[in-house]
Amino acid sequence: MKLRIACLQLNPKLGEFEENANLAYSLLQETFKEKQVKKPNILILPELALTGYNFQSQQRIEPFLEETTKGASTQWAQKVSKTWDCFTLIGYPEKSLESPPRIYNSAVLVSPQGKVMNNYRKSFLYEADEHWGCSESSDGFQTVDLLIEGKTVKTSFGICMDLNPYKFEAPFTDFEFSGHCLKTGTRLILCPMAWLSPLSPSIKKDLSDIEKSRLQKFYLEKIDTPEFDVNYELKKDEVLPTRMNETLETIDFEPSKPDYSNINYWILRFFPFLTHVYKRDVLKENAVAVLCNRVGIESDVLYGGSTTILNFNGKLPSTQEELELYGQTNSLNPSVEVLGALGMGQQGILVRDIELT
Ligand code: GLN
């Protein structure tokens, strides 16, 4: 089946819900109304898309917490879904009405009719989540059968850190999330994210405070420059970045360029989906992973953008020369196709038609 996927790569301002919601809506309107781009079947937004992410305390996030699938983000998604007749998946900070109440980092999925279909709570927490009093999901990773265009699609949800080893402590090769997706026969993997750039001043241990704030200003200016403001990526071949095996050390901050060090890391975290020389028959059908990240800077945290749609095609090497490529664990491996990627520092919309065989 064919599906049209759209990812909205936003630069939300921390705590400016109204402004963020209006901006997100106007980007959609510009694309799907004014430019008359054919509307998507599924629209994905980042983690905590309309509230911002890096809240320093529970007190700070409190005014922005939303009752489970009933708050402002869900309502925004319902409006969008009904307007463009699509599923919408959006990250939001949830306050559940259990007693005692708990806070979760969640993503709600709304149907084209505006019905709440699923509420996924982040399972693996990042330090930043703990700063604002977030609890981890007690249900673990979630997989649902989604009825889209009359067909059932096994769909799993992950939020950012879910792609990492649990607490960065579990063995790297446990591949908890991607292993779960493979085991459950997931065909569509949807991930709202607020993933950091490897250039983020917050993770540069060797910088002085002055150097950090200088860098903060530098990134802020680059991201706010209008020419870097909005980027629509619609057609496949035209703008597809060259395949690269960049590593974490090699990137410069170029807003319009996808950060392949992050993309390759994500591909590596989907290792179980790569066909390689040792495992010949894992993937019977293809699977598509949609990683919708945000951009921008919140205090000293720089997010990495590079929103990506990956197709794991399950192909096997057909020639001797190819064999070596199948040993790669990055975008050079022929069993993964980068169907599209946005830049590391621009807001934008990535639209792709994908096929589930
Ligand atoms: N591992 C991710 C990162 O380094 C986690 C961020 C998140 O969960 N938002 O960016």
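Me: Which residues surround the ligand?

Reply: In this predicted model, the shell around the ligand consists of Glu-47, Tyr-53, Lys-122, Tyr-126, Cys-160, Met-161, Asn-164, Phe-168, Ala-194, Trp-195 and Leu-196.

Me: Which side chain has an N or O atom 2.8 Å from an oxygen atom of the ligand?

Reply: That side chain belongs to Lys-122. Tyr-53 contributes a polar side-chain atom that lies 3.3 Å from a nitrogen atom of the ligand. Met-161 takes part through its backbone, where an N or O atom is 3.2 Å from an oxygen atom of the ligand. On its own the ligand has 300 Å² of accessible area, and the protein covers 93% of that area.

Me: Asn-164 belongs to the shell. Where does Asn-164 lie in the chain?

Reply: Asn-164 is found in the loop that runs between β8 (151-157) and α5 (176-183).

Me: Is Asn-164 buried or exposed?

Reply: A residue is called buried when its relative accessible area is under 20%. Asn-164 is therefore buried, because its relative accessibility is 4%. Its side chain makes a polar contact of 2.8 Å with the side chain of Tyr-265. Leaving out residues up to four places away in sequence, Asn-164 touches Phe-124, Glu-176, Trp-195, Tyr-265 and Arg-269.

Me: How should I read the helices, and how many residues of α8 are buried?

Reply: An α-helix has 3.6 residues a turn, so residues three or four places apart point the same way. In this structure, helix α8 (residues 260-269) is mostly covered, with eight of its ten residues buried. The buried residues are Tyr-260, Ser-261, Asn-262, Ile-263, Asn-264, Trp-266, Ile-267 and Arg-269. Their cover includes α5, β11, β14 (308-312) and β15 (336-341).

Me: Which residues of α5 are buried, and what covers them?

Reply: In α5, the buried residues are Glu-176, Phe-177, Ser-178, His-180 and Cys-181. The elements that cover them include β7 (142-148), β8, β9 (188-192) and α8. After α5 comes Gly-185, which has a positive phi, near 70°.

Me: Strand β8 is part of that cover. What does Thr-155 in this strand show?

Reply: Thr-155 has its place in β8. It is buried, because its relative accessible area is 0%. A polar atom of the Thr-155 side chain lies 3.0 Å from the backbone oxygen of Val-153. Beyond its neighbours within four places in sequence, Thr-155 is in contact with Gln-142, Thr-143, Val-144, Leu-146, Thr-186, Leu-188 and Leu-190.

Me: How should I read a nonpolar core, and which residues touch the most other members of the largest one?

Reply: In soluble globular proteins, nonpolar side chains tend to be buried together. Here the largest nonpolar core has 54 residues, and those touching the most other members are Ile-5, Ile-42, Leu-188, Phe-270, Ile-309, Phe-312 and Ile-354. Strand β11 (residues 287-292) supplies the largest share of this core, six residues. Apart from this core lies another, of 26 residues, including Phe-17, Phe-32, Leu-45 and Trp-84.

Me: Which residues does Ile-309 touch, not counting residues up to four places away in sequence?

Reply: With those excluded, Ile-309 touches Ile-5, Cys-7, Val-288, Ala-289, Val-290, Glu-337, Val-338, Leu-339, Gly-340, Leu-350, Arg-352 and Ile-354.

Conventions:
Residues numbered from 1 in each chain as written. Predicted model: local features only at pLDDT ≥ 70, side-chain atom pairs only at ≥ 80, totals over all residues. Heavy atoms only, no water. Helix = DSSP H or I, 4+ residues; strand = E, 2+ residues; numbered from the N terminus. Buried < 20%, exposed > 50% of the residue type's maximum accessible area, 1.4 Å probe, protein only. Polar contact = N/O pair within 3.5 Å; in protein donor to acceptor, adjacent residues only side chain to side chain. Contact = heavy atoms within 4.5 Å. Core = buried A, V, L, I, M, F, W, Y, C linked by side-chain atoms within 4.5 Å. Near = heavy atom within 4 Å. Areas by Shrake-Rupley, 256 points an atom, 1.4 Å probe, with all protein chains shown as cover.
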